[in-house]
4 protein chains.
Amino acid sequence: MKSHKKVDLNSDVGESFGTYKLGLDEEVIPLISSANIACGFHAGDPSVMQRTMGLAKKHGVAPGAHPGFPDLLGFGRRDMDVSVQEIKDYVAYQVGALQAFAAMEGLTLQHVKPHGALYNMAVKNPAIWEGVAEVLARLDQRLILVVLAGANRDELQRIGSRHGIRIAFEFFGDRAYNPDGSLASRKEPGAVIHDAELAAGRILKLVKEGKVTAKDGTEIELAAETICVHGDNPTAVTLTRKIRETLSASGIEIAPLGTFM
Amino acid sequence: MKSHKKVDLNSDVGESFGTYKLGLDEEVIPLISSANIACGFHAGDPSVMQRTMGLAKKHGVAPGAHPGFPDLLGFGRRDMDVSVQEIKDYVAYQVGALQAFAAMEGLTLQHVKPHGALYNMAVKNPAIWEGVAEVLARLDQRLILVVLAGANRDELQRIGSRHGIRIAFEFFGDRAYNPDGSLASRKEPGAVIHDAELAAGRILKLVKEGKVTAKDGTEIELAAETICVHGDNPTAVTLTRKIRETLSASGIEIAPLGTFM
Amino acid sequence: MKSHKKVDLNSDVGESFGTYKLGLDEEVIPLISSANIACGFHAGDPSVMQRTMGLAKKHGVAPGAHPGFPDLLGFGRRDMDVSVQEIKDYVAYQVGALQAFAAMEGLTLQHVKPHGALYNMAVKNPAIWEGVAEVLARLDQRLILVVLAGANRDELQRIGSRHGIRIAFEFFGDRAYNPDGSLASRKEPGAVIHDAELAAGRILKLVKEGKVTAKDGTEIELAAETICVHGDNPTAVTLTRKIRETLSASGIEIAPLGTFM
Amino acid sequence: MKSHKKVDLNSDVGESFGTYKLGLDEEVIPLISSANIACGFHAGDPSVMQRTMGLAKKHGVAPGAHPGFPDLLGFGRRDMDVSVQEIKDYVAYQVGALQAFAAMEGLTLQHVKPHGALYNMAVKNPAIWEGVAEVLARLDQRLILVVLAGANRDELQRIGSRHGIRIAFEFFGDRAYNPDGSLASRKEPGAVIHDAELAAGRILKLVKEGKVTAKDGTEIELAAETICVHGDNPTAVTLTRKIRETLSASGIEIAPLGTFM
C-alpha cells in the first residue's frame with residue numbers, strides 16, 4: 001500500500017499591468033496551491049499585487065514572489081547581462097515589495113520562484129541560485145526557493161543547506177525532457193505538450209513513481225515537490241483543471257509546499 | 001533651568017539612479033539622525049537602496065522610506081491625479097521594498113516620509129495622510145509617519161491615533177512660513193532662506209521655544225520633532241553641518257525620532 | 001438633392017505593449033479612415049508601432065500620432081502637472097518616433113490627436129493646444145491637429161491660423177453633450193451612450209445637420225470633420241460597423257481628413 | 001608636401017535625464033564636429049534632446065542619433081537578448097524621435113551611432129549592422145552609419161553599399177588595440193589610455209598615417225574617418241581639448257563627417 005502523497009501546484013499570476021489584463025487569475029487561483037505573484041519588474045504593478053494577494057488569501061492559496069528582470073517591454077523573457085549582485089538587489093527589492101502586500105493581509109510569503117530569463121539564467125549558472133538563496137535567507141529563513149528539478153538536485157540542495165533555506169524542485173508537465181533530466185529546448189518540435197491527457201499522465205507518473213519519460217523514450221528519475229501549471233488562456237485553465245482532477249482521483253493531495261516540506 | 005531637549009535631523013538620501021549620481025550621501029548621512037531613502041519610483045534603484053541602507057547602518061542613522069510617485073522623469077515633483085487607493089498601493093510597495101534592504105542588514109525601518117508631489121498633495125488633502133497611515137499600521141505599527149508641522153496638528157494626531165501609529169511633525173529651517181503656520185510658496189520672493197546663520201537660528205528657536213517668525217514678522221507657535229536638512233550640494237552640506245553645530249552648542253541632542261517619541 | 005458629404009472616422013489603435021494585447025486593431029482598422037497610433041508613452045511600443053503602421057498602410061487608412069503622457073501605468077489617463085514646454089517636448093518626441101515608422105512605409109503622418117489626460121488638459125487650457133500647434137507647424141506644416149469640437153471653435157481656428165496648420169474638430173457619438181457644447185462628465189449618469197442605434201443616429205444628425213441634442217434636450221450647433229469610434233472590444237467594433245453602415249446608407253462618404261480639409 | 005587632411009571628432013552627449021545631470025555638454029560640444037545625442041532609451045529625455053539639439057545648432061556641430069537599449073537602469077551597457085527585428089524597431093523609434101528635434105531647429109541628422117551594448121553586440125554580429133543600415137536607408141538615405149574601425153572594413157562597406165548609405169569608421173584614441181585590429185577588452189590592464197599626450201599622439205598617427213600601434217607593439221593599418229572623444233568629466237574635456245589642439249597644430253582640419261565623406 002502506497003503512503004499518502006502530496007504535491008504542490010504552482011502558477012504564475014498577477015501578471016496584469018495597469019489597464020493591460022493578462023491571465024485568468026480568477027479562474028486559475030482556485031485550482032492551485034501556490035501562487036507565483038509578479039512583482040512589478042517584468043509584469044504586475046502595486047495595485048495588481050494588492051488584488052492578487054487578496055485573491056490568494058480568499059482561496060487559501062500560499063503566496064510567493066515571482067521576481068524578474070526590469071524589462072516590462074520584454075516581459076522579463078530576455079536574457080540581460082546583469083551581475084549576481086544586481087540580481088540579488090532586484091530580488092530583494094521585489095520580494096520585499098510583495099511581502100508588504102502579504103503583511104497587509106496578515107499573510108507571510110511561502111516561496112520565491114524567479115521568472116523567465118532570470119530563472120533560465122539561474123538554471124545555467126548556479127551562482128545565481130546561490131545569490132538568490134542568500135537573499136532569501138537574510139530576508140526570511142522560512143522562504144522556500146523554487147528551482148528546476150533536474151540532475152543537479154544535490155548541488156542545489158547544498159546551496160539551500162549552506163543558507164539554511166528549503167529548496168523546492170519544480171516539474172513541468174507540459175514540457176518534454178532530455179535524457180539528462182533537463183528541459184528540451186522550446187525550439188525543438190514536440191518540446192511543448194499540448195495534449196491534456198498526456199500532460200496529466202506525466203504528472204501523475206512523476207508524483208507516484210518519481211519518473212518521467214524523456215523524449216527519446218528512456219525513463220529517468222526526477223523528484224519534484226511542485227508542478228508548474230498555467231492560467232494564461234482558457235485552454236491552459238482546462239488543462240490545469242484536468243491535472244487537478246487526475247491527481248485527486250489518484251489519491252494525491254494538492255497542498256502548498258510549506259505544509260509538507 | 002530648561003529640561004534636556006532632543007530633536008531629529010532628517011534628510012532625503014539614496015536619490016541616485018543607475019549611472020546617475022545625485023546628492024552627497026557619504027557626507028550628509030554622518031550629520032543626520034534619520035535618513036529618508038528613495039525607493040525606486042521617483043529616484044533610487046535596488047542597488048542604490050542596498051548601498052544607502054549600508055551607509056545608514058554604518059553611521060547609526062535610523063532608516064526610513066521616502067516613497068514617491070512613479071515619475072522618475074519628473075523626480076516625483078509633479079502632481080499626478082492618482083486615487084488614494086493607488087497611493088496606498090504605491091506606498092506599500094515602496095516601503096516593503098525598502099524593508100527588505102533593512103531586514104538584510106538586521107535593521108527595521110523607523111519612519112516613512114512621502115516625497116515631493118505626494119507630500120505636497122497630502123498636505124492639501126488629509127485623506128492621503130489617512131491612507132498612508134492605514135498602510136503603515138498594517139505593515140508595521142512601529143513605523144512613524146512624518147508630516148508637515150502646521151496648524152492642523154490635532155487633526156493629524158487623530159489620524160495617527162485612529163490607526164495606532166505615531167506622527168512626527170517636520171520643520172523646514174530654510175523655508176519662510178506664512179502667519180497661519182503653512183509654508184510660503186516657493187514662487188514668492190524670500191520663500192527659501194539661503195543664509196546659514198539665519199536658518200540655524202530659526203531651527204534653534206523652534207526647538208527651544210516652539211516658535212517660528214512668520215514672513216510678516218509675527219511669532220507663531222509650531223511644534224516639530226524633526227528638522228529637514230539637505231545634502232544635495234556642498235553648500236547644503238555646509239548648512240547642515242552649521243545646523244548640527246548650532247544645536248549641539250546649545251545643548252540640544254540630535255537623535256533619531258524613534259528614540260524619543 | 002443632397003449635397004455630397006464627407007466625414008472622417010478616427011480610432012485609437014496600436015495600444016498594445018510588449019506581451020500585452022489591447023484593442024482589436026485588425027478588426028477596427030478596416031472600418032476607419034484615420035488611425036490614431038499610440039507612440040510608446042502611455043501605450044504602444046516600437047514593434048507595435050511598426051506593425052500598426054503596416055496595418056494602416058494595408059487598409060489605406062491615414063496614419064496619425066496619438067501622443068500621451070509618460071505614464072504607462074496609468075495609460076496616460078491621469079492628469080500630470082507638466083509645463084507647456086514639457087508637453088511640447090513630449091509631443092515632438094512621440095510624433096517624430098511615429099514619423100519614422102511612417103517614413104519606413106513610404107507614408108507621411110496625416111494628423112496628431114493628443115491622448116487621454118493630455119487631450120483633456122488641453123480642452124481646459126488652450127495654451128496646450130497652442131504649444132502642440134507650434135510643434136506640429138515646426139515638424140511638418142501638413143500635419144492636422146485634431147481637437148474637441150465645441151463652443152470655442154473660432155479660438156482654436158485662430159491657433160491653427162497663427163501657426164499655419166489645419167485644425168480638425170472631433171465629435172463623440174457615444175457621449176452626452178452639455179447645452180454649452182462641452183462633453184458631459186463621465187461621472188454623470190447617461191454620459192456614455194451604449195445604444196448603437198442612438199449613437200449612429202446622433203452621428204448622422206451631426207454630419208448632415210451640424211447639430212447635436214444636448215442632455216437637456218436642447219438642439220445645439222456643432223461642426224466636426226471627424227468622428228471618434230472605438231475598437232477596444234467586440235461591442236465597440238460592432239458599434240463602429242453600425243456607424244459606418246448608417247453613414248454609408250445615407251450617402252455620406254467616409255474619407256481621411258487630409259483628403260477633404 | 002602633405003595633402004590636406006580632415007577628420008571628425010564625435011562625442012556622446014545629451015545623456016542627462018530629468019533632474020539627473022551627466023556630462024559636460026556645454027564644454028565638450030564646442031570642441032567636437034559631430035554630436036551623438038542620446039534618444040531617451042538608455043539616457044536622455046525629450047527636454048534634454050531639445051536642449052542638446054539647440055546646443056549643437058549654436059556651435060555648428062552636426063547632430064546624430066545615439067540609440068541604445070531600453071535599459072535606463074543599466075545605461076544601455078548591458079547586453080540584452082533582443083532580436084534583430086526588435087533592434088530595428090528600437091533604432092527607428094529613437095532616430096525618428098531625434099529627427100523631430102532636428103527638424104524643429106531646421107536641421108537634419110547627419111549620422112547614427114549605436115550606443116553601448118547595442119554597439120558592442122553589433123561589432124560581434126554583423127546582422128545587427130545590416131539591420132540598422134536597412135533602417136537608416138529607409139528613414140533617410142543621407143544618414144551615415146558610424147561603426148567600429150577594424151579588420152572587417154570591407155564587409156561593413158558592403159553592407160553600406162547594399163543599402164545605399166555611407167559607413168563611417170570610428171577610432172578610439174584612448175583604447176588599446178589587439179594586433180588583429182579589434183579593441184582590447186576593458187578587463188585587461190592597460191586597455192584604457194589615460195595619458196593625454198599618448199592618446200593625442202595615437203590619434204595623430206592614425207589620421208596622418210592610417211596606423212595604430214597594437215598592445216603587443218606591432219603596427220597595424222587602420223582607417224577611420226571619425227575619432228570618439230569624451231566629455232563626461234573635466235579630465236575628459238581636457239583630453240578632448242588636447243586632441244583638438246594636437247590635430248590643429250598638425251594641419252588637420254576637424255570637420256563633420258557629412259562634409260568630407
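A salt bridge is a side-chain nitrogen of Lys or Arg within 4 Å of a carboxyl oxygen of Asp or Glu. In this predicted model, Arg78(D) forms such a salt bridge with Glu86(A), with the closest N and O atoms 3.2 Å apart. The count between chain A and chain D is two salt bridges.

**Extent of the contact between chains A and D**

- Chain A contributes 10 residues to the contact, and chain D contributes 10 residues.
- The two chains, A and D, bury about 810 Å² between them, with 55% of this area on carbon and sulfur atoms.
- Of the area that chain A buries against chain D, 56% is supplied by Arg78(A), Met80(A) and Asp81(A), more than by any other three residues.

- Six residue pairs, both members at pLDDT 80 or more, are in polar contact between chain A and chain D.
- The side of chain A that touches chain D comprises five nonpolar, no polar and five charged residues.

- Helix 2 of chain C (residues 46-58) packs against helix 3 of chain D (residues 84-104) at an angle of about 90°, and their axes are 8 Å apart.
- Helix 2 of chain C is therefore roughly perpendicular to helix 3 of chain D.
- Pro46(C), Ser47(C), Met49(C) and Gln50(C) make the contact from helix 2 of chain C, while Gln85(D), Glu86(D), Asp89(D), Tyr90(D) and Tyr93(D) make it from helix 3 of chain D.
- By class, the residues of this helix contact are four nonpolar, three polar and two charged.

Methods:
Residues are numbered from 1 along each chain as its sequence is written. Chains are lettered from A and ligands numbered from 1 in the order in which they are written. This is a predicted model: local features need pLDDT of at least 70, side-chain atom pairs count only at pLDDT 80 or more; totals for chains, interfaces and linings use all residues. Side-chain values use heavy atoms; hydrogens and water are left out. Contact means heavy atoms within 4.5 Å. Buried area is the accessible area (1.4 Å probe) that two parts lose on being put together, summed over both. A polar contact is a pair of N or O atoms within 3.5 Å; within protein, one must be able to donate a hydrogen and the other to accept it, and residues adjacent in sequence count only if both atoms are side-chain atoms. Ala, Val, Leu, Ile, Met, Phe, Trp, Tyr, Cys and Pro count as nonpolar, Asp, Glu, Lys and Arg as charged, and the others, Gly among them, as polar. Axes are lines fitted to C-alpha atoms, for helices over the stretch in contact, and angles run from 0 to 180 degrees between N-to-C directions. Helices (H or I, at least four residues) and strands (E, at least two) are DSSP runs, numbered from the N terminus. Angles under 35 degrees count as roughly parallel, over 145 as roughly antiparallel, 65 to 115 as roughly perpendicular and the rest as oblique.
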